[in-house]
Amino acid sequence: MVTNTSGKKKTAIARATVREGDGRVRINSEPVELLEPETAQLKVLEPFRVVDGIRDDVDIEVDVEGGGVIGQADAARTAIARGIVEHSGDAELRDAYMEFDRTLLVNDVRRSEPKKWGGPGARARYQKSYR
């Protein structure tokens, strides 16, 4: 059985394919153990640390594009967790993920606010002096 899922964070989009296997996790065709920086690697592997013994049964292939390093890691982690839940069909696993961190299964909808005229950013305004 093959399961396809996706995850988003800011402008990063991850698509995960989960199938029966022996524990290989690949991000953009590279083993997750080679992912840099280490904090991104820890984020991606978080769904396996919440509930033990899941990784040994499945192979996961994740394609990530857009965004930055940590945004991609967050998107990949959401896609992986969704894929594992959908592949296993286990409601208790879903509840365990939701209790640990809701963003494992639900996309983070926050986006950066667009810059507006009259200032250097979205909210900040240029300073002015009368002297």
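Which residue in β5 does Val-25 stand opposite? Val-25 stands opposite Ile-60. This is a predicted model, in which local features need pLDDT of at least 70 and side-chain atom pairs count only at pLDDT 80 or more, while totals for chains, interfaces and linings use all residues. Residues are numbered from 1 along each chain as its sequence is written, and side-chain values use heavy atoms, with hydrogens and water left out. Five strands form an open sheet with mixed pairing, and the structure holds 13 salt bridges.

**The sheet**

- The strand order is β1-β2-β5-β3-β4; strands (E, at least two residues) and helices (H or I, at least four residues) are DSSP runs numbered from the N terminus.
- β1 and β4 (30-31) stand at the edges with a single partner strand each, so one side of each has no neighbour in the sheet.
- Two strands count as paired if DSSP finds at least two bridges between them.
- In general, strands of a sheet pair through backbone hydrogen bonds, either parallel or antiparallel.
- β1 (residues 2-9) runs antiparallel to β2 (residues 12-20), and eight bridges join them. Within this pair, Asn-4 stands opposite Thr-17 in β2.
- β2 is also joined by eight bridges to β5 (residues 58-65), again in the antiparallel sense. Arg-15 has Asp-63 in β5 as its bridge partner.
- β3 (residues 25-27) pairs with β5 in the parallel sense over three bridges. Besides Val-25 and Ile-60, Ile-27 has Val-62 in β5 as its bridge partner.

**The two faces of β1**

- In a regular strand the side chains alternate between the two faces of the sheet.
- In β1, Thr-3, Thr-5, Gly-7 and Lys-9 point to one face and are buried.
- Buried means under 20% relative accessible area, exposed means over 50%, and partly exposed lies in between (1.4 Å probe, protein chains only).

**Turns and backbone**

- β1 and β2 form a hairpin with two residues between them. Lys-10 lies in the loop between these strands and has a positive phi of about 55° although it is not a glycine. Lys-10 is exposed, with a relative accessible area of 55%.
- Asn-28, in the loop between β3 and β4, is not a glycine either, and has a positive phi of about 50°. Asn-28 is partly exposed at 36% relative accessibility.
- The peptide bond from Glu-36 to Pro-37 is cis, with omega near -10°. Pro-37 is in the loop between β4 and α1 (38-44).

**Salt bridges**

- A salt bridge is a side-chain nitrogen of Lys or Arg within 4 Å of a carboxyl oxygen of Asp or Glu.
- Lys-9 and Asp-108 meet in a salt bridge at 2.8 Å, N to O. This pair links distant parts of the chain, with Lys-9 in strand β1 and Asp-108 in the segment after α4, 99 residues apart. Both Lys-9 and Asp-108 are buried.
- Asp-59 forms a salt bridge with Arg-24, and their closest N and O atoms are 3.2 Å apart. Asp-59 is in strand β5 and Arg-24 in the loop between β2 and β3, 35 residues apart. Asp-59 is buried, with a relative accessible area of 12%, whereas Arg-24 is partly exposed at 46%.
- Glu-46 and Arg-77 form a salt bridge, with the closest N and O atoms 2.6 Å apart. Glu-46 lies in helix α2 (residues 46-50) and Arg-77 in helix α3, so the pair ties together parts that are 31 residues apart in sequence. Glu-46 and Arg-77 are both buried.
- A network of salt bridges links Lys-43, Glu-46, Asp-74, Arg-77 and Asp-101.

**Surface and chain end region**

- Asp-90, Glu-92, Asp-95 and Glu-99 form a negative surface patch.
- Patches are made of residues with over 30% relative accessible area and no salt bridge; like charges are joined within 9 Å, and nonpolar side chains (Val, Leu, Ile, Met, Phe, Trp, Tyr) within 5 Å. Asp and Glu count as negative and Lys and Arg as positive, while His and the chain ends are not counted. The place of a charge is taken as NZ of Lys, CZ of Arg, CG of Asp or CD of Glu. Accessible areas come from the Shrake-Rupley method with a 1.4 Å probe, and for residues only the protein chains shown count as cover.
- Asp-90 lies in the loop between α3 (69-88) and α4 (91-100), and is partly exposed at 35% relative accessible area.
- Arg-123, in the segment after α4, is exposed at 65% relative accessibility.
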